[in-house]
Each structure stands twice: as C-alpha cells, then as structure tokens.
Amino acid sequence: FGKTEYAELVHQALTLYQQGKYIESKEPWEEVLRQNSLFDYANKGLGQAYYKLEQYDEALTAFRLGGDKDGYSSAFWEVRNIYLKDKLFYIFILLILLWIAVKIIKRLNRKYGILRPIEDAIAAIKDITLVRELGFIAYVPKNPADAYYGIKNENKVSILSSTILYILFLVIYVINKYFSGFLFKRIAEGRFELLTDIIAVLGTFALAIISHYLISSIRDGEGKLRDIYCSLAYSLVPYIILKPIAIVLSHMLTYNEGFFITLINIIIYAAIAVLIIIMIKEIHDYPLKETFKNIGLTLFTMMIFVISGIIIVVLVNQVWDFV
C-alpha cells in the first residue's frame, strides 16, 4: 500500500502548484503527463507554468487540453496583444491601400464603366426569382408589417425560399454549437450530437407551426398554413444575419469582452420575438390582445404535444419490455 512513483509526482506537482510555484511545477507536471496524458489538472498546471514563462502559445494548448477557460482567456489575451503589436502597422497600411484602391476603382468606373459587366451580371442574378425571394430578408426588419402583408397577399416569397432559410438556420445553429471559440462553446470538446440537433431544431419548428395553425384555425385566424410556414422562416432573419458575426467574434474575444457576444444574442432573440408578434398580428389580422392570447395558447399546445409524446414513448417502451 505504498505510494507509487506516479502518485509521488502528482503530490509533488500539486504542492508546488498550490504554493504558486508554477515554473518549478513544470517538470513534475510534464512527467505526470508522460505517464498519464488524460490528467486534466496536469495540463492546467503546465499551462500556468508556460504562462509564467511567457510561452503563451504553449499555455493556450495546455489550458485547452485541461479545460481551463479562465487560464485560456488570459493566455489568449497575451497572444492577441503580441500579434496586434507585430501586425498593427501592416494592417493599417493594408486598410489605407484598400481605401485608395476602392476610390480609384469607383472613379474609373464612373469614367469608363469598367465594372459594368460585373454590375450587369449581379443585376441578372438578382432578377432570378429565388434570389429575389431570398433577398426579401433585407426588407423584413425594415418594415415587418408590410413585409408580412406581402408574404400573405402578394406571394413575395415561396415555400422553397422559406425552406432554404430553415436549413440555413439549422446550419448556423450547428456551427455555433460545435465550432464557436473555445471560451464561448457550451459543449465539451469533441462531442457531437448532430442527429439530436436536427430533430430538436426542425421538430421544434414543425411543432410550433402545427400548433399555431391549429389554434389560429379555431380562433378565426385568417392566415393559411403556407403563410405561417413562410412568415416564421422570415422571422428568423436576425439569427441568420447576426449569429455568424457572434460566431466570428467568439474566436477573437476573451472573457473580458464577452459582453459584446451577449449583447448580440440579446438583440437577436428580442428582434425575433418582436417579428413573431408582428407576424401573428398581421397574417391573422388580430388585435394586439388577441395576438398575445394566440401566442400563449400556441405555447400551451406545444407543451401538451410534448407531454403526450413522452407519455406515448414511455408506454410503448413498457409494452415492448413486457412483450
């Protein structure tokens, strides 16, 4: 029952680590990891040692392996600082050159029309029906009431364009969940649940559309099933436009600037909520009070469907086990 060499190493490294002697703990931690590469605490300790030695790239790797997000944030701050100090002058020069190039191209285009073929090609692409329908997402946030009137009465969009938006939402959701920056990812590294994600996202949309249609049908709503399907897709515009920005920022920011991502998320979900309220009001021609009643009943119906589904699954499993 004596201590093993491995246990002695762990205790030695932990003692040095707890005393704040991170640099001295580096060698014991390295030997611990040589014997057991899955020991997270050793990676955290090694990350602190690298951080004190100002070896920030190595510290990043160690902190990430150890799952230490606070340490990773501190090391990333230093790595980013060094990069900006080294590259800031060149970035500034590049931006000036780009600005000059844009000015020159605009002047040449006004004088000689050098961009006319490209502009004609873009205009032709915009004239394609599907592209025009997808481009309608730019109009929805500007004038949602008029946009939903156009969806309902003027066929401004189609089932195909709306389906593409649902798929785009799903793709962005998956990218956000699995490929956001390490500091802002909410799922463990290397873990994937794609089938569950697809069922959860598309199932939620299907359940919301069906429940809302059923409630609206018995409460004198004017909207058809197609109107609800298309309008809900275009209500997701804030997520489709702003979420990619949050994903990019998650690879560039530390915890100190994390409020930028929080602010973007608040704007996204608040905007979607407002658009859905306006959507229901416009496509069903409801007053505001009836709109909120409809939303409450839709959510209640969704809950009943979910509870019923769980009960059915449990009963079927029990029957299966019995048989």
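A salt bridge is counted where a side-chain nitrogen of Lys or Arg lies within 4 Å of a carboxyl oxygen of Asp or Glu. The model is predicted, so that local features need pLDDT of at least 70 and side-chain atom pairs count only at pLDDT 80 or more, while totals for chains, interfaces and linings use all residues. Residues are numbered from 1 along each chain as its sequence is written, and side-chain values use heavy atoms, with hydrogens and water left out.

The structure holds 11 salt bridges. In one of them, Arg226 pairs with Asp227, and the closest N and O atoms are 3.8 Å apart. Residues are classed by relative accessible area as buried (under 20%), exposed (over 50%) or partly exposed (in between), with a 1.4 Å probe and protein chains only. Asp227 is buried, at 4% relative accessibility, whereas Arg226 is partly exposed at 26%. Salt bridges with shared partners also join Lys177, Arg191, Glu193 and Asp197 into one network.

A further salt bridge is formed by Lys152 and Glu222, with 3.1 Å between the closest N and O atoms. This pair links distant parts of the chain, 70 residues apart: Lys152 belongs to helix H8 (residues 144-153), and Glu222 to the loop between helix H10 (194-218) and helix H11 (225-235). Helices (H or I, at least four residues) are DSSP runs numbered from the N terminus. Glu222 is partly exposed, with a relative accessible area of 45%.

Thr301 is located in helix H14 (residues 288-322) and is buried, at 16% relative accessible area. Beyond its neighbours within four places in sequence, Thr301 is in contact (heavy atoms within 4.5 Å) with Ser211 and Ile215.

Notes:
Helix = DSSP H or I, 4+ residues; strand = E, 2+ residues; numbered from the N terminus.
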